[in-house]
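Here is a short briefing on one protein model. Please keep the sequence and the structure in view while reading.

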Amino acid sequence: MNFEKNIQDIIPSMEKWRQKIHSKPEIAYEEFETSEFIAEKLKEFDIEVHKGIGGTGVVGVLKGNRKSNKAIGLRADMDALPMSEKTNLKYSSKNPGKMHACGHDGHVTMLLGAAYNLSRKKNFSGTVYLIFQPAEEGGKAGAKAMINDGLFDNFKMDSVWGIHNWPGLELGKAVIHDEFAMAGGDLFEINVIGKGGHAAQPQHSNDPVVAIGFIITALQTILSRKIDPFSNAVLSITKVNAGTAFNVIPEKAYIGGTLRSTNDKERNYLLKKIEEISKNTAISHNCETEFKITPGYPPTINDKHCAEQVRKIFKKTFGEHTVDMEHSATMGSEDFSYMLKKRPGAYVWLGCGEKSEKLHSPYYDFNDKLLPIGAKYWTNLVENLMP
Ligand SMILES: [Zn+2]
Ligand SMILES: [Zn+2]
């Protein structure tokens, strides 16, 4: 693949940066060294830097050489995972129990490579915001933290764009979904309160154990009976707890689980249904319910027009056959969804090779061959969206 001179020149540096970040992984909201390194590099490229947004978040502001009110945001996540690395690479994690197993070290570096190239050429109109966010992993919602800290109020942008490297997909190929790209994931908990008593005299009790048995079965009918068969959602009950003795009917029983959904409308409907069915089933057993939802990341929904735009730009940059239209969406979650709820944009999966270890594997390592491809993609996205 051919790269323009700035990118070609910076490939060895990008590899060094990526491996340096890889060797010093930092987890959610502790990305102190990583964000400092990013800020230093941006300053080196004469890019205006804003630090400490949503914790350790960094925003670089770069103006093109042509005036315009247009502005876009490019986002990279910076955090690592709380797990031990087993790659035995010479640059493997020096921080025990922490690892860049999702390739966010590569995401940071691709955006830094693009920042370098864009800052040399400035061949665009308007403003680019380079967003480096903390805490994507583990439900810690760094994107939301940056938004709550004024990301979109202080940096006015029309659209926002994200990348994730994708193992199993050919190197440099892209998948850009129309609308639904990744699922929303919520946790729910149901306490069923009955009346305890002697196991030999059930007539004096309201048994919450029998009630949760019916509730578990009833909840499994929601997806099969209450939503369009062409819809995708997952409802898994993963925690059940009740009782302490063989001869005592307990006072309370507990169910916990997760709901994965693909759009907000269905998500809200399903959560309401889970509450309603568990409450009414419990009532039929003379029990009461307490219902609690812990909201996870919302579904990641691309703007259809933005998805089309980015596919066109990708094909123009890398060739007609570089956009994979076959890959279906996934029920995994991603907190870029919070940004896409505030601004239109699209989330791109960028292939890092069929042989790559899977994300979150202790043997995973970001494929450095993707670095110049990512930098080139970001550059061309900016130059095409803001000519
Ligand atoms: Zn991850
Ligand atoms: Zn990730």
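Predicted model: local features only at pLDDT ≥ 70, side-chain atom pairs only at ≥ 80, totals over all residues.

The protein has 387 residues, and 55% of them count as buried. Its secondary structure comes to ten helices and 15 strands. Two zinc ions, ligand 1 and ligand 2, lie 3.2 Å apart and are both coordinated by C102.

**Overall make-up**

- The C-alpha atoms fill a box of roughly 85 × 45 × 40 Å, taken along the principal axes.

**Zinc ion, ligand 1**

- Three residues supply the protein donors of the zinc ion (ligand 1): C102 through SG, E137 through two OE atoms, and H360 through NE2.
- These donors lie 2.0 to 2.7 Å from the zinc ion (ligand 1).
- Why is the site of the zinc ion (ligand 1) called irregular? Its four donor atoms make angles of 52 to 148°.
- For reference, the ideal angle for four tetrahedral donors at a metal is 109.5 degrees.
- Along the chain, the donors of the zinc ion (ligand 1) follow the spacing C-x34-E-x222-H.
- The pair C102 and H360 links distant parts of the chain, 258 residues apart. C102 sits in the loop between strand 3 (66-77) and helix 3 (104-121). H360 sits in the loop between strand 15 (345-351) and helix 10 (370-385).
- H360 is partly exposed, with a relative accessible area of 38%.

**Zinc ion, ligand 2**

- The protein donors of the zinc ion (ligand 2) are SG of C102, NE2 of H104 and NE2 of H164.
- They lie 2.1 to 2.3 Å from the zinc ion (ligand 2).
- The donor residues of the zinc ion (ligand 2) are spaced C-x1-H-x59-H in sequence.
- H104 counts as buried, at 0% relative accessibility.

**Helix 2 and helix 3**

- The axes of helix 2 (residues 32-44) and helix 3 come within 10 Å.
- They cross at roughly 15°. Angles under 35 degrees count as roughly parallel, so helix 2 and helix 3 are roughly parallel to each other.
- Helix 2 passes helix 3 in a right-handed crossing.
- On the helix 2 side, the residues that meet helix 3 are F37, I38, K41, L42 and E44. Their partners in helix 3 are V108, L112, A115 and R120.

**Positive phi values**

- Most residues other than glycine have a negative phi.
- Y29 has a positive phi, near 65°. Y29 lies in the loop between helix 1 (5-23) and helix 2. Y29 is partly exposed, with a relative accessible area of 29%.
- A135 also has a positive phi, near 50°. A135 lies in the loop between strand 4 (125-133) and helix 4 (142-148). A135 is buried, with a relative accessible area of 0%.

**G353**

- G353 is found in the loop between strand 15 and helix 10.
- G353 is buried, with a relative accessible area of 10%.
- Which residues are in contact with G353, leaving aside neighbours within four places in sequence? They are W166, P167, G168, L169, E170 and L171.
- M99 is 254 residues from G353 along the chain, and their C-alpha atoms are separated by 20 Å.

**L151**

- L151 is found in helix 5 (residues 151-154).
- L151 is buried, with a relative accessible area of 0%.
- Leaving aside neighbours within four places in sequence, L151 is in contact with V59, I131, M146, M157 and M339.
- Q201 is 50 residues from L151 along the chain, and their C-alpha atoms are separated by 61 Å.

Methods:
Residues numbered from 1 in each chain as written. Chains lettered and ligands numbered in written order. Heavy atoms only, no water. Donors = N, O, S within 2.8 Å, 3.2 Å for Na, K, Ca; no water. Tetrahedral: all angles 85-135°; square planar, octahedral: opposite > 155°, others 65-115°. Helix = DSSP H or I, 4+ residues; strand = E, 2+ residues; numbered from the N terminus. Buried < 20%, exposed > 50% of the residue type's maximum accessible area, 1.4 Å probe, protein only. Axes fitted to C-alpha atoms, helices over the stretch in contact; angles between N-to-C directions. Parallel < 35°, antiparallel > 145°, perpendicular 65-115°, else oblique. Left-handed = near helix turned anticlockwise from the far one by under 90°. Contact = heavy atoms within 4.5 Å.
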